[in-house]
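Here are my notes for you on this one, point by point. Have the picture open while you read, and look for each piece as it comes up.

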Amino acid sequence: MKYILLMSGTKAGVDTHHAWLPRDIDAHLGRLRAIANELTKSGEFVATQGLAHPGEAKVVRGEKSGLPVTDGIFPESKEFLLGYWIVDVATPERAYAIAGRLSAAPGPGGVPTSMPIEVRQFASPRPIPSSNVENSPRGSNEPMKAQKEGRNETRGERT
């Protein structure tokens, strides 16, 4: 079962992290690398990636006048995604255990950061019958046939 372990934070938290002493940053990243190495050896590691500074992030919404609507730099109180880990494990409990280890990575003075890690299982894709893939995103070609034939889908009437 694949899980994504989401690391979220606030701008204030990121700014605090950037103020850590180099030895504390090295210890933190060293622990995370050690966990990645262990998971690689056990075959449970899929991927991990930190994300760019939140000041570079934008929230994009649907288009208005042909252009996407974006929300600028995040205010202090807004949480955002810092990075993620993807693991492929046998049980949810194993994913929780890994998340706990990530959360316990050392911060300043070796004290665990206790960063909250959201654990989410990947959704299982629902199979789409191959004969219907091109005809309709709803899995049935009837609405498309009705539209092509110019009839009301709900009543079968011609329009």
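1. Let's begin with the surface. The protein exposes about 10,800 Å², and 55% of that comes from carbon and sulfur atoms. Keep in mind that you are looking at a predicted model. Of the 159 residues in the protein, 23% are buried.

2. Now the parts list. Walking from the N terminus, the elements come in the order β-α-α-β-β-β-β-α-β-α. The chain also folds back on itself: among contacts with a separation of 6 or more, 67% are between residues 24 or more positions apart.

3. Next, the open sheet. Four strands line up in the order β2-β5-β1-β6, and their pairing is antiparallel. At the edges sit β2 (45-50) and β6, each of which pairs on one side only. If you ignore direction, neighbouring strands of this sheet are turned by 20° against each other on average.

4. How many bridges join β1 to β5? There are eight, and the two strands run antiparallel. One place to look is Ser8, which stands opposite Leu81 in β5.

5. Why is β1 described as largely enclosed by the rest of the structure? Because six of its eight residues are buried. Buried here means under 20% relative accessible area.

6. There is another strand pair to find, made of β3 (residues 59-64) and β4 (residues 67-71). These two run antiparallel and are joined by five bridges. Glu63 stands opposite Pro68 in β4. The hairpin has two residues between the strands, and Ser65 takes a positive phi near 60° there.

7. On to the helices. α2 lies across β2 and β5 (80-88), running at about 25° to β5. Two packed helices are described by the angle between their axes and the distance between the axes. For α2 (residues 22-42) and α3 (residues 92-103), the axes come within 10 Å and cross at roughly 155°. That angle makes α2 roughly antiparallel to α3, since angles over 145 degrees count that way. On the α2 side the contact is made by Leu32, Ile35, Glu38 and Leu39, and on the α3 side by Arg94, Ile98, Arg101 and Leu102. Sorted by type, the residues of this contact are five nonpolar, no polar and three charged.

8. Last, a loop residue. Where is Pro108? You'll find Pro108 in the loop between α3 and β6 (117-121). Is Pro108 buried or partly exposed? Its relative accessibility is 41%, so Pro108 counts as partly exposed; that class covers values between the 20% and 50% cut-offs. Leaving out residues up to four places away in sequence, Pro108 touches Trp20 and Asp24. Pro108 and Arg23 are 85 residues apart in sequence, yet their C-alpha atoms are 8.6 Å apart in space.

Note on methods: Residues are numbered from 1 along each chain as its sequence is written. This is a predicted model: local features need pLDDT of at least 70, side-chain atom pairs count only at pLDDT 80 or more; totals for chains, interfaces and linings use all residues. Side-chain values use heavy atoms; hydrogens and water are left out. Two strands pair if DSSP finds at least two bridges between them. Axes are lines fitted to C-alpha atoms, for helices over the stretch in contact, and angles run from 0 to 180 degrees between N-to-C directions. Angles under 35 degrees count as roughly parallel, over 145 as roughly antiparallel, 65 to 115 as roughly perpendicular and the rest as oblique. Contact means heavy atoms within 4.5 Å. Ala, Val, Leu, Ile, Met, Phe, Trp, Tyr, Cys and Pro count as nonpolar, Asp, Glu, Lys and Arg as charged, and the others, Gly among them, as polar. Buried means under 20% relative accessible area, exposed over 50%, partly exposed in between (1.4 Å probe, protein chains only). Accessible areas come from the Shrake-Rupley method with a 1.4 Å probe; for residues, only the protein chains shown count as cover.
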